[in-house]
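Please keep the structure open while reading.

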Amino acid sequence: MLLIERYIHAVTEYLPEDIRSDVGKELRANIEDMLPDNYTEKDVHQVLTKLGNPWKLAGEYNPQQKYLIGPGYYHKYISILKLVIAIVIFVLLGITILEWIIAFPADGNYIDQIAGFIGDLISAVISGALQGAFWVTLVFVILERTETETGDLPFGNKKWTPDDLPEVPADAQGKISRGDIIFEMFLTILFVAMIYLRPQLIAIYQNIEAENMIITPLFNLERLEVYLPVILIMAVFQLAFSIWKYIKGWWTLPLATVNAVYNVALVIVVIVMLTDSTLFNPEFSQVIADITHSSAELVSNWIVRSKWIFGLFFVGTNIWESAVPFVKSWNRQRK
């Protein structure tokens with residue numbers, strides 16, 4: 001019966017691949033033993049309800065006992081942990097190298113500079129590993145404790161029933177691309193690292209003389225500090241949501257709903273920032289005017305138009321990215 005197949009699939013997807021087949025056979029035999037002769041769908045429903053949440057049952061079949069992160073999530077936790085740590089280290093190393101290139105002395109004092117550079121690289125690796133491990137572990141602890149493994153919203157406290165079983169995937173309809181999730185994580189981490197840690201690096205660099213470099217940042221750094229708490233909260237939520245999508249692998253209605261709500265909030269934050277004239281450094285447009293030999297007024301008007309164009313493009317993109325998951329979730333439920 002299809003309901004039994006869905007239950008077995010729901011249990012085994014939380015297990016290591018090398019034991020899924022054996023566990024599936026054993027679980028099928030146990031379910032059949034519990035069913036009466038000439039059983040009905042109602043009998044199957046009662047047996048599966050008695051067996052309980054497949055995510056929790058998977059923990060009993062897992063040969064290795066885990067503690068901080070339960071067996072249902074452990075292997076996905078390790079996979080995402082390695083991925084996020086690698087991205088964070090890569091981004092922080094890139095920022096460190098960029099800072100080193102900018103600050104490299106022209107007076108020939110290379111030994112001290114290289115020694116400091118090596119120390120900064122080691123610090124970036126250690127800091128990246130610790131930051132990545134902390135945030136990923138925190139997200140998994142929250143997801144596990146709120147039992148989002150069934151695809152419901154966190155903190156829903158909904159009692160599990162066989163009606164919550166996901167469909168056995170037959171094709172790629174509604175599947176969430178792992179590549180898209182990884183790219184999404186990379187952009188989120190890169191953006192936060194640049195905005196939160198080194199916003200002054202987003203700038204125009206002018207090497208006027210051999211030993212001097214003039215740096216004109218895009219943002220008014222004092223004004224940017226007002227937005228940093230909101231940016232950090234949005235980024236942490238985005239990382240958590242990316243992890244949730246990575247775990248589920250398929251678009252569901254709760255996932256699509258959260259995605260749409262987040263996109264709306266993101267659009268609001270971006271529009272507010274784009275319309276805040278005090279957020280952008282006025283000297284930035286003046287430097288562009290000097291470089292292009294244009295008037296400051298002309299450059300200022302061009303920047304305003306560019307912000308409007310970017311804002312419209314950003315809104316349109318987020319509307320599309322909010323609608324598509326609903327369509328994919330709906331089409332998957334129809335199959």
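A salt bridge here is a side-chain nitrogen of Lys or Arg within 4 Å of a carboxyl oxygen of Asp or Glu. The model is predicted. A search of the whole structure finds three such salt bridges.

**Lys-245 and Glu-184**
- Lys-245 pairs with Glu-184 in a salt bridge, with the closest N and O atoms 3.1 Å apart.
- This pair links distant parts of the chain: Lys-245 sits in helix H8 (residues 221-248) and Glu-184 in helix H7 (residues 178-197), 61 residues apart.
- Lys-245 is buried, at 5% relative accessibility.
- Glu-184 is partly exposed, at 22%.

**Asp-276 and Arg-223**
- Asp-276 and Arg-223 form a salt bridge, and their closest N and O atoms are 2.8 Å apart.
- Asp-276 lies in the loop between H9 and helix H10 (282-292), Arg-223 in helix H8, and 53 residues separate them.
- Asp-276 counts as buried at 10% relative accessibility, whereas Arg-223 is partly exposed at 30%.

**Glu-5 and Arg-28**
- The side chains of Glu-5 and Arg-28 meet in a salt bridge (2.5 Å, N to O).
- Glu-5 is in helix H1 (residues 2-12) and Arg-28 in helix H2 (residues 17-34), so the pair ties together parts 23 residues apart in sequence.
- Glu-5 is partly exposed, at 32% relative accessibility.
- Arg-28 is also partly exposed, at 29%.

**Helix H9**
- Helix H9 has 22 residues (253-274) and should span 32 Å at 1.5 Å a residue.
- Its end C-alpha atoms are 31 Å apart, which agrees.
- Buried residues in H9 include Leu-255, Asn-259, Tyr-262, Val-269 and Met-273.

Key
Residues numbered from 1 in each chain as written. Predicted model: local features only at pLDDT ≥ 70, side-chain atom pairs only at ≥ 80, totals over all residues. Heavy atoms only, no water. Helix = DSSP H or I, 4+ residues; strand = E, 2+ residues; numbered from the N terminus. Expected span 1.5 Å × (residues − 1). Buried < 20%, exposed > 50% of the residue type's maximum accessible area, 1.4 Å probe, protein only.
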